[in-house]
Amino acid sequence: MLLITILLLAGGCARAGDDNNNVKTLKNEKKGSQSAAISILANLHTSTVPPDRIERMLEEKTGTMLDIQWVPDGSYEEKLNAALATESLPQAVFLKNSASLVMLRSAIRDGQFWEIGTMLDQYPNLKRLNREVLSNTAVDGKWYGLYQERPLSRQGVIYRQDWAERLGLQSPATVDKLYTMIKRFTLDDPDGNGMADTIGLTDRNDLIYGAFKTVSSYFGTPNEWGVNDGRLQPEFMFTEYMETMKFFRKLHQEQLMNVDFPVMGKVDQQQLFIDGKAGVYIGALGDVVSLYAKLKEQHPEASLDVENRVKGPKGYGIWSTPGYGSIVLFPKSAIPTEDRLREVLAFFDQLMEPEIANMIYWGMENEHYRVEEGKVIPSDDYARLSEEVRPYLALQIGGHSTIPGLLDVGYSWPTRVKAEQLVKDNDQQLIHDPTESLESVTYNNKGVMLQTIISDATYNFIIGEIDEAGFDSAIAEWKEQGGAKVIEEFSEAYRKQQDQ
């Protein structure tokens with residue numbers, strides 16, 4: 001009996017040990033799942049990589065280890081294309097803009113990225129994403145990415161109000177007045193220091209989000225594609241595109257802008273404005289906040305104003321986005337199983353929780369902002385905000401219309417209030433892209449190469465390397481390399497859409 005008792009006790013202890021080991025294993029598995037690393041490729045719009053405090057807070061609140069690869073905006077597409085070619089993409093890849101998605105459609109069709117549309121309803125936050133906007137990101141009717149919400153158009157003109165007042169200039173309400181302002185900001189000593197050390201316009205190597213496309217809208221250029229005699233044609237085949245190039249060519253020849261803009265990134269473009277060397281910045285109207293905060297550190301006397309309605313030969317117009325600025329895709333090369341994909345999606349679902357979304361958007365309460373009457377009052381220390389908070393906007397999913405509890409800002413600076421009003425007013429003068437929901441197989445396969453032909457030709461025309469005949473030759477090359485087929489395919493898809 002003693003022997004039997006000893007054996008039973010030993011067995012019980014063994015079973016208890018096994019049970020304890022099982023519990024420990026389950027806990028470790030759960031901990032491993034919670035702390036599983038997620039690698040992310042993110043676009044860096046500031047000059048330095050942010051401190052990791054907010055990143056650590058994100059890890060703590062989501063139970064996830066993060067590996068964020070910050071890539072400067074100016075070299076982002078190059079890095080993305082290189083990683084795609086070498087199959088070294090991380091698990092979550094944020095695209096630079098909506099145009100980048102078009103360029104990746106071929107890779108998406110080849111099965112290099114996960115389709116996620118059928119899974120979104122399984123997540124309490126992701127399922128709130130707008131179906132119409134998701135459809136604008138679709139490839140063959142399927143959803144592959146989560147989007148960052150954006151207004152339909154944020155574009156406009158930001159200018160030195162104090163310079164304009166000193167020179168007796170009004171708001172640049174027409175294209176001619178815009179040119180006059182840029183010219184006088186260059187030639188008429190707007191800062192009053194007695195030296196010829198200013199330029200009118202600061203720009204960068206981005207024909208979409210820089211100044212070019214917005215000014216092109218003022219001239220009445222279609223948005224990417226336009227309709228001509230029932231057929232679609234690319235924007236650069238319209239006379240308004242040529243008029244825009246001539247406008248910038250004149251600015252360049254007269255040295256009314258930074259002549260090295262084709263090789264200048266956004267940070268350097270903005271620095272010219274911040275340093276008081278340039279008086280006009282054409283881009284997102286919301287940039288007026290960061291520009292002013294940094295400008296006043298060097299030039300306390302400076303004041304800024306904004307304009308969104310610049311009348312051109314055809315009246316008013318501004319190009320429209322599809323409702324998103326960027327999307328995040330999920331490569332199969334980095335996410336081998338559907339179970340792992342669900343874990344990654346669960347992390348992004350948590351980013352839409354109000355507490356986390358506000359941290360990404362505004363930073364840490366009582367440090368980077370405070371709340372008054374339910375509105376955010378950002379810190380006056382914009383340098384700190386720019387360094388510690390602004391980069392994390394690159395991780396944003398959804399936006400104010402899809403995240404209940406995402407705080408709005410309480411504006412106190414009148415120019416910021418005006419900028420927000422003008423963004424909303426842009427909805428009254430939108431120029432839409434008719435190919436947004438259309439498909440061209442040739443463009444999917446050759447879009448990057450074809451766009452490079454036109455981009456290079458546009459820059460070369462502006463800096464005086466080619467003339468109109470040279471640009472026509474570039475269009476001819478574009479057609480020969482597949483552009484003619486793109487026109488046929490888009491036009492056929494457009495006709496079918498109109499017949500529905």
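Serine 39 sits opposite aspartate 67 in strand S2, and that pair is a handy way into the fold. The model is a predicted one, in which local features need pLDDT of at least 70, side-chain atom pairs count only at pLDDT 80 or more, and totals for chains, interfaces and linings use all residues. Residues are numbered from 1 along each chain as its sequence is written, and side-chain values use heavy atoms, with hydrogens and water left out.

Strand S1 (residues 37-44) and S2 run parallel, joined by 8 bridges. Two strands are called paired if DSSP finds at least two bridges between them. Helices (H or I, at least four residues) and strands (E, at least two) are DSSP runs, numbered from the N terminus. S1 and S2 belong to an open sheet of 5 strands with mixed pairing, laid out as S2-S1-S3-S12-S4. At its edges are strand S2 (65-72) and strand S4 (146-149), each pairing on one side only. From one strand to the next, the twist averages 20°. Axes here are lines fitted to C-alpha atoms, for helices over the stretch in contact, and angles run from 0 to 180 degrees between N-to-C directions. Helix H3 (residues 76-85) lies across S1, S2 and strand S3 (92-94), and its direction is at about 145° to S1. Contact, for this and what follows, means heavy atoms within 4.5 Å.

There is also an open sheet of 4 strands, again with mixed pairing, in the order S6-S9-S5-S10. Its edge strands are strand S6 (199-202) and strand S10 (304-307), each of which pairs on one side only. Neighbouring strands of this sheet are turned by 20° against each other on average, ignoring direction. Helix H11 (residues 266-274) packs on the sheet and touches strand S5 (155-160), S6, S9 and S10, with its direction making about 140° with that of S9. Helix H12 (residues 287-298) lies across S5, S9 and S10, running at about 160° to S10.

Within this sheet, S6 and strand S9 (residues 278-284) pair in the parallel sense over 3 bridges, and leucine 201 stands opposite valine 280 in S9. S5 and S10, on the other hand, are antiparallel, with 4 bridges between them; here tyrosine 159 has aspartate 305 in S10 as its bridge partner. What covers S10, and on which faces? Both faces are covered: Leu304 and Val306 on one side, and Asp305 and Glu307 on the other, are all buried. Buried means under 20% relative accessible area, exposed over 50%, and partly exposed in between (1.4 Å probe, protein chains only).Serine 386 is another residue worth a look, and it lies in helix H15 (residues 382-388). Serine 386 counts as buried because its relative accessibility is 7%. Leaving aside residues up to four places away in sequence, serine 386 touches Thr46, Lys294 and Pro391. Serine 386 and proline 50 are 336 residues apart in sequence, yet their C-alpha atoms are 8.7 Å apart in space.

Most residues other than glycine have a negative phi. Aspartate 140, though not a glycine, has a positive phi of about 55°. Aspartate 140 is in the loop between H6 and S4 and, at 49% relative accessibility, counts as partly exposed. Glutamine 255 also has a positive phi, near 55°, and lies in the loop between helix H10 (239-253) and H11. With 54% relative accessibility, glutamine 255 counts as exposed. Threonine 118 is found in the loop between helix H5 (105-109) and helix H6 (131-136), and it counts as exposed because its relative accessibility is 60%.

Stepping back to the whole chain, the secondary structure comes to 18 helices and 15 strands. The C-alpha atoms fill a box of roughly 110 × 55 × 40 Å, taken along the principal axes. Of the 500 residues, 51% count as buried. Among contacts with a separation of 6 or more, 77% are between residues 24 or more positions apart. The chain exposes about 22,700 Å², with carbon and sulfur atoms supplying 49% of that; accessible areas come from the Shrake-Rupley method with a 1.4 Å probe, and for residues only the protein chains shown count as cover.
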